[in-house]
Amino acid sequence: MKRFISHEDLARDRRFKRTRSRNQLLSTLPDDVDAIVRVLEKVAPKIRERLAGTALEPVFDELGPGFSFLTLNGGDQPGAERSPLQLRLQLHGIFVGELQALEAAGRTLWDFPDAPWEFKMNMARQCWDESRHVQVYEKLIEHVGGEIGEFPENTFLFEVSCADDPVLRVAGVNRCLEGLACDVFRSLIDYGRAHDDAVIAQAVDFVLADELTHVRFGSDWVREFTRGDPEAAQRVKEFQRETDRRFAFGGGRCVAKEERREAGFTEEELDELDEILAEGPRRETLVRAGEILRDRHQARQRGEVVPPVASASN
Ligand SMILES: [Fe+2]
Ligand SMILES: [Fe+2]
């Protein structure tokens, strides 16, 4: 069996639709409404193509290329509202994230045959947990009336976190990816509680307890693998910062500080994470751009001529 496989080789059955999106666009946008409108209108055909045949196609057709700023970006805060579509989309995104976490932990076990036995046992335990999480989220998707494959999957979580170097791998997968899971799950539990959905609140609470353990594996093994090697420790730090930046999704996420502290994050690391998540456009900027994109999209659909947005230098 091959070692170090590409994310493109991850196997899926026919229900899944893979998209090549690397989720980089949002993190590169400035905090400027006009600039965002210009960029989004330019990439609109690509976005439309990616969504074709999924449940997001009609949403795009109604709201235009900035639809995600209006329907999907509003509910990341604890206990916040989520539309039924947003909830289905989020649970689906987590479901494929769990699949990729299972694949990542499985690959880590296989890719580094010389790693210590205890490390391998930790990765094996993680595989066992992640398979259970895949099943939990499959049931939660059913619980909210969704369906596997109704949204596109991108495999960038696996792609970004699965480095070939064992120290970077464990940092990317077990601290960045699993840390992201902690943040998202904390917010989902709060949502479940605020909306009297005991199924979501309790199921995700069980999953979060496991994720915390997976982050702790990351903290412990990064420390072990970089012991007495400040250069390696610095390399891990930089890789982690870059990966967290890629996982920031344009901000709006709350860091599950209590869980992360328990799993070995230092106060300095938590502050740094807050700074990374504060980079990029503000939520209000994205929502305003989304409204303008929607109005321009709908005007075009009515056959009106829509002038280009003036560039910043004009
Ligand atoms: Fe998981
Ligand atoms: Fe996990």
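Select Val167, Leu168, Ala171, Gly172, Arg175 and Cys176 in α8 together with Ala232, Val236, Phe239, Gln240, Thr243 and Asp244 in α10, for these are the residues through which the two helices meet; contact here requires C-beta atoms, placed from the backbone, that lie within 7 Å. Helices (H or I, at least four residues) are DSSP runs numbered from the N terminus. This is a predicted model, in which local features need pLDDT of at least 70 and side-chain atom pairs count only at pLDDT 80 or more, while totals for chains, interfaces and linings use all residues. Residues are numbered from 1 along each chain as its sequence is written, and chains are lettered from A and ligands numbered from 1 in the order in which they are written.

With both helices still selected, look at their axes, which come within 9 Å and cross at roughly 40 degrees; axes are lines fitted to C-alpha atoms, for helices over the stretch in contact, and angles run from 0 to 180 degrees between N-to-C directions. α8 and α10 are therefore oblique to each other, given that angles under 35 degrees count as roughly parallel, over 145 as roughly antiparallel, 65 to 115 as roughly perpendicular and the rest as oblique. Their crossing is right-handed, a crossing being left-handed if the near helix is turned anticlockwise from the far one by less than a right angle, and right-handed if clockwise.

Now keep α10 alone, residues 230-246. This helix has 17 residues and reaches 24 Å from its first C-alpha to its last, close to the 24 Å expected at 1.5 Å a residue, where the expected span is 1.5 Å times one less than the number of residues. Which residues of α10 are buried? They are Val236, Phe239, Gln240, Thr243 and Asp244, and they lie on the same side of α10 because they cover an arc of only 135 degrees around the axis, the arc being that of the directions from the helix axis to the C-beta atoms. A residue is buried if 20 or more other C-beta atoms lie within 10 Å of its own, exposed if 12 or fewer, and partly exposed in between. The face turned away from the buried side carries the exposed Pro230, Glu231, Gln234 and Glu238.

The contact is made by Ile94, Gly97, Ala101, Ala104, Ala105 and Thr108 of α5 and by Arg169, Val173, Leu177, Ala181 and Val184 of α8.

Next select α6, residues 117-143, which has 27 residues and reaches 39 Å from its first C-alpha to its last, close to the 39 Å expected at 1.5 Å a residue. Its buried residues are Asn122, Met123, Gln126, Asp129, Glu130, His133, Tyr137, Leu140 and Ile141, and what covers them includes α5 (84-111) and α9 (198-225). α6 and α9 pack at an angle of about 155 degrees with their axes 10 Å apart, and are therefore roughly antiparallel to each other; α6 passes α9 in a left-handed crossing. Among the residues of α6 that meet α9 are Asn122, Gln126, Asp129 and His133, and those of α9 that meet α6 include Asp210, His214, Phe217 and Trp221. Just after α6, Gly145 takes a positive phi of about 80 degrees.

Most residues other than glycine have a negative phi. Asp196, in the loop between α8 and α9, has a phi near 50 degrees, a positive value in a residue other than glycine, and is exposed, with 8 other C-beta atoms within 10 Å. Phe4, in the segment before α1 (25-28), has a positive phi near 55 degrees and is exposed, with 12 other C-beta atoms within 10 Å.
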